Amino acid sequence: MSNPSRRKWIVSGLAMAAGGSGLAVAARIAGDYGLIPPDHGGIYGPGETLTYASQRLLTRHSLAREFPRSKISKAPFANGRPPESTEYTSLQTAGFADWKLAIDGMVGRPASLSLAELKSLPSRSQITHLACEEGWSFIAEWTGVPLAHVLDAAGILPQSKYVVYFSIQPGWWDSVDMADALHPQNLVTYGMNGGELPPGHGGPLRLRVPRQLGYKSVKYITRLTVTDSLKGFGKGLGSGAPEAGYSWYAGI
Amino acid sequence: MADSTWVSDLTTAVRPAVKTPRHTAVVRVTHWITALCFLALLVSGMEIVISHPRFYWGEEGNVLTPPLFVLPIPASRGSVPTGYNYVLPDQNGWSRYLHFQVAWVVVFTGLFYAIAGIVTRHFQKNLLPSGTQLSPASLAREIANHLRLKPQGDAGSYNVLQRITYSLVIFVLFPLAIWTGLAMSPAVTSTFPFLVTVFGGQQSARTIHFFISILLVVFLLVHIAMVCLAGFRTRMRAMVTGTDQEDT
């Protein structure tokens, strides 16, 4: 009786040790390949890491679904109102002529681009779905400069891992990994459905991240910061979302 | 198979009562993990629905488009017209974290159960109804038994109505719930667009996901009612210890 049971203990002990070190090795490899989200701590960390890692492995280069013009929503819902701060309203009064997008951090050539300068860069238009985490959605045509192009122009350093983007609205900021930052459909967006991007939808400038839910598409962006670590931003969780209880990665 | 032998050996050693093996360890463990997971998915899913209790068909839908139907409940967002003059607190953050974490547990548990079910021939022996069981006479007899509230077990296994119901839940409803869940993910559908296009759009997938959860809740209620009817103590004992033993 004691022999088989002792053997059982030894075998299960060895299995657990192997499993444990296997997990440690897996975590190390996952970290090296950028498969660990910044909000990987806490009780929901395992699920969040599995979701982010598996979706990164499956979707690194895939394109968000695009739709024919006939599918453009006749009723695109603008969630929330434009900022009421004098900083925003005075820029709006001047037709956003003085709106600037700063690019700083790990770049060779930090820059500050006006709307006119952004519009002179090569543009891309695409008809994609915007789905809110609440459950509603609409389809619109978005026009802007691919974020990858803006980053190329600024010359990102090879150790860059994330691009952090900030809204003119205090407390609104977010970040994406390089797979999303360099993704061709991520647009520094200034146009919607053939016209200017309306203030309700984030005008004059919104970062559209079509492979993630709506809250990653931060409105009224004024600054992009390229970095190799999210530790210095807010609570180090990658965006304001985890600080409000929401996940950093919003691919699902 | 090995599990049931091991369990029955163990329990016979402890209590020499008349017992027959019923549920294997794999079935019991996966049953209770799934039960706990379903509870978590249900609570978090309801919280997520409360942030937008309107449903649509097709690709798009929002408060400016006509809904397929609206749940007559208050919402946790002021932007949703509900007819109630108050807004519930926003619980979407942890609800989404919990929903997806538990979804992973369900997927892993389901995979383990599916592999074990094929290897031990559990599906073939205990779950999938046989041709004779599906004959009109057999079905009519079992339906009559149920109507008289005297459903019959099938020699230590499930009767035909149980087999049909469990098979639907395990092989249709749960896989469809996972599928429609993935069909709502903009990242997953960027790689596998057919996951959502077969349903006619992201909003259709959301609506189907909702109805599947309703069907699973109906199943759960009937399941619990039947357990009570068949003898709560004996049925619970079988699903906990793995052996059938008559109450004396």
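## Strand S5 of chain A

A residue is buried if 20 or more other C-beta atoms lie within 10 Å of its own, exposed if 12 or fewer, and partly exposed in between; C-beta atoms are placed from the backbone. By that rule, S5(A) is covered on both faces. Tyr162(A), Val164(A) and Phe166(A) are buried on one side. Val163(A), Tyr165(A) and Ser167(A) are buried on the other. Since 6 of the 6 residues of S5(A) are buried, the strand is largely enclosed by the rest of the structure. Strands (E, at least two residues) and helices (H or I, at least four) are DSSP runs, numbered from the N terminus.

## Model and numbering

This is a predicted model, in which local features need pLDDT of at least 70, side-chain atom pairs count only at pLDDT 80 or more, and totals for chains, interfaces and linings use all residues. Residues are numbered from 1 along each chain as its sequence is written, while chains are lettered from A and ligands numbered from 1 in the order in which they are written.

The model scores ipTM 0.90 and pTM 0.90. pLDDT is the predictor's confidence in each residue, from 0 to 100. Chain B has a mean pLDDT of 90, with 91% of its residues at 70 or more. Residues 1–8 of chain B stay under 50. Where pLDDT is low, the predicted coordinates should not be read in detail.

## Chain A overall

Chain A has 7 helices and 10 strands. Its C-alpha trace spans about 85 × 40 × 30 Å along the principal axes. Of its 252 residues, 43% are buried. Two residues are in contact if their C-beta atoms, placed from the backbone, lie within 7 Å. Among contacts in chain A with a separation of 6 or more, 66% join residues 24 or more positions apart.

## Partners of S5

Two strands pair if DSSP finds at least two bridges between them. S5(A) runs antiparallel to S6(A), joined by 5 bridges. The two form a hairpin with 5 residues between them. In the turn, Gly171(A) has a positive phi of about 90°. S5(A) also pairs with S10(A), in the antiparallel sense, over 6 bridges. There, Tyr162(A) stands opposite Thr227(A).

On the S6(A) side, Val164(A) stands opposite Ser175(A). Ser175(A) is buried, with 27 other C-beta atoms within 10 Å. Gly238(A) is 63 residues from Ser175(A) in sequence, yet 5.8 Å away in space, C-alpha to C-alpha. Beyond four places in sequence, Ser175(A) touches residues including Tyr165(A), Leu230(A), Gly238(A) and Ser239(A).

## Nonpolar cores

A nonpolar core is a set of buried Ala, Val, Leu, Ile, Met, Phe, Trp, Tyr and Cys residues joined through C-beta atoms within 7 Å. The largest has 53 residues. Leu101(A), Leu147(A), Leu151(A), Val163(A), Tyr165(A), Val188(A) and Ile221(A) touch the most other members. Elements giving two or more residues to this core include S1, S5, S10 and helix H5 of chain A. Apart from it lies another core, of 12 residues, among them Tyr44(A), Phe38(B), Ala187(B) and Val188(B).

Tyr165(A) has contacts beyond four places in sequence, including Trp173(A), Leu207(A), Val218(A) and Ile221(A).

## Interface with chain B

In chain A, 37 residues are in contact with 31 residues of chain B. H2, S3 and S4 of chain A each supply at least two residues of the side that touches chain B. The largest share, 8 residues, comes from H2(A). By class, this side of chain A has 17 nonpolar, 14 polar and 6 charged residues. Here Ala, Val, Leu, Ile, Met, Phe, Trp, Tyr, Cys and Pro count as nonpolar, Asp, Glu, Lys and Arg as charged, and the others, Gly among them, as polar.
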